Amino acid sequence: MNKRAFLVVMDSVGIGGAPDAADFGDAGANTLGHIAQACAAGLADVGRAGLLQVPHLMGLGLGQAMELADAGASFDAVTPAGRWGAATEVSRGKDTPSGHWELAGVPVPWEWSYFPDTTPAFPPDLVAEVCRLAGTDGILGNCHASGVPIITAHCEAHLRTGWPICYTSADSVFQIAAHEEAFGLERLIALCEALAPYLHARKVGRVIARPFTGVCGDFKRTANRRDFAMDPPGPTLLDWVQDAGRATHAVGKIGDIFSGRGIGTLHKGKSDADLFEVLLGLQDSAEEGSLTFANFVEFDSLYGHPRDVAGYARALEWFDARVAVFLAGMRPGDLAIFTADHGNDPTWRGTEHTRERVPVLCAGVGAGAIGHCAFVDVAASVAAHLGVTAHGPGRSFL
């Protein structure tokens, strides 16, 4: 009963090679591989220099996982001290809920709804519902966009009219940006929460509140983002562990992604740096038999979507250094799995997620190849380690 599990999602750190990538327009995308290539070519020397340095993840088998995922990749990998593999998703999406739910044992059985890449993007009845709930005469944006450019384009009009800035992406998502003071943070969150059931009924996966502060030309998106996601389509790993009478800890976005289901204690932070300190604290304090499920979002939000290759490389190197601290603090009986939910290749066209395989790197359970596996196998393996019953389709690779 002294076994514990730590499932850590490096948001968007894909490794290419998804067999259905072409169906999503992503044939050839490889987040980690292309970052490594850019670093080797001297194209990511902003705040860092030279080859991508992630020795502790490589020591768990990251290089081997990258070569396995993408047959065209080649890396000077060390002999791994961990267990490694490459996982393939089956859900028809490349978004956050699909990836996390499937890692937790539950593939998405439906097709998500998406908004057309047109202007306007949203149907009149949806616009009318947003206006009714917000108490405004209109909305701004109404298109596909990335967060910073859409706020830049509409900041002045937002502050002048009070209309919310509404936008979407290639994901099944509806996002609303608004000024924390001028519009009101509580008002923005209440608007998104009230709108969510309306959109969830249409199989739109998430409604996201995107608050910002400051003045036009010098604004900043804040850490008060809130995601209102659909409920998972069935009991997940978090439910399996909690139903077995064990403790569950959610770090970062996990609480929002799973709509609070199966979560005993929620731990938030204002940055990935804060969240890693939370993770290290849970390494000291988490109960025997417990599951800690963590998401580190800044790879995706700060560097993947803005297509910042050097920033992404810096984040990976920072994270790898913190992984070294985590690995040094592991106890006998601990399992740590480092994985991802999708890709977001910063060298790719556009600003959206990319369909890719993801690494599965295990510490605390010996060394060796897992090989190709499914996302759902991650949940089955965690359940097997903790000795709880798995109810999903996955098979343990431990």
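A nonpolar core is a set of buried Ala, Val, Leu, Ile, Met, Phe, Trp, Tyr and Cys residues joined through side-chain atoms within 4.5 Å, where buried means under 20% relative accessible area, exposed over 50% and partly exposed in between (1.4 Å probe, protein chains only). The model is predicted: local features need pLDDT of at least 70, side-chain atom pairs count only at pLDDT 80 or more, and totals for chains, interfaces and linings use all residues. Residues are numbered from 1 along each chain as its sequence is written, and side-chain values use heavy atoms, with hydrogens and water left out.

Figure 1. Helices (H or I, at least four residues) and strands (E, at least two) are DSSP runs, numbered from the N terminus. Along the principal axes, the C-alpha atoms fill a box of roughly 60 × 50 × 35 Å. Of the 398 residues, 60% count as buried.

**Figure 2. The largest nonpolar core, of 84 residues.** L237, F319 and F338 touch the most other members. Helix α12 gives the most to this core, with 9 residues. Leaving aside residues up to four places away in sequence, L237 touches L7, A104, L291, A379, V382 and A383; contact means heavy atoms within 4.5 Å. Another core, of 25 residues, lies apart from the largest one and includes F115, L126, C166 and C192.

**Figure 3. The crossing of helix α1 (residues 31–40) and helix α12 (residues 309–328).** The two axes come within 10 Å and cross at roughly 105°. Axes are lines fitted to C-alpha atoms, for helices over the stretch in contact, and angles run from 0 to 180 degrees between N-to-C directions. The helices are therefore roughly perpendicular to each other (65 to 115 degrees). From α1, T31, L32, I35, A38 and C39 meet V309, Y312, A313 and L316 of α12. By class, this contact has 8 nonpolar, 1 polar and no charged residues (Ala, Val, Leu, Ile, Met, Phe, Trp, Tyr, Cys and Pro count as nonpolar, Asp, Glu, Lys and Arg as charged, and the others, Gly among them, as polar).

**Figure 4. The cis peptide bond between T119 and P120.** Omega is about 5°. P120 is placed in the loop between α4 (96–103) and α5 (124–134).

**Figure 5. Positive phi at N142 and at S259.** N142, a residue other than glycine, has a phi near 60°. N142 lies in strand β3 (residues 140–144) and is buried, with a relative accessible area of 13%. S259, also not a glycine, has a phi of about 50°. S259 lies in the loop between α9 (254–257) and β10 (265–267) and is partly exposed, at 31% relative accessible area.

Technical notes
Parallel < 35°, antiparallel > 145°, perpendicular 65-115°, else oblique.
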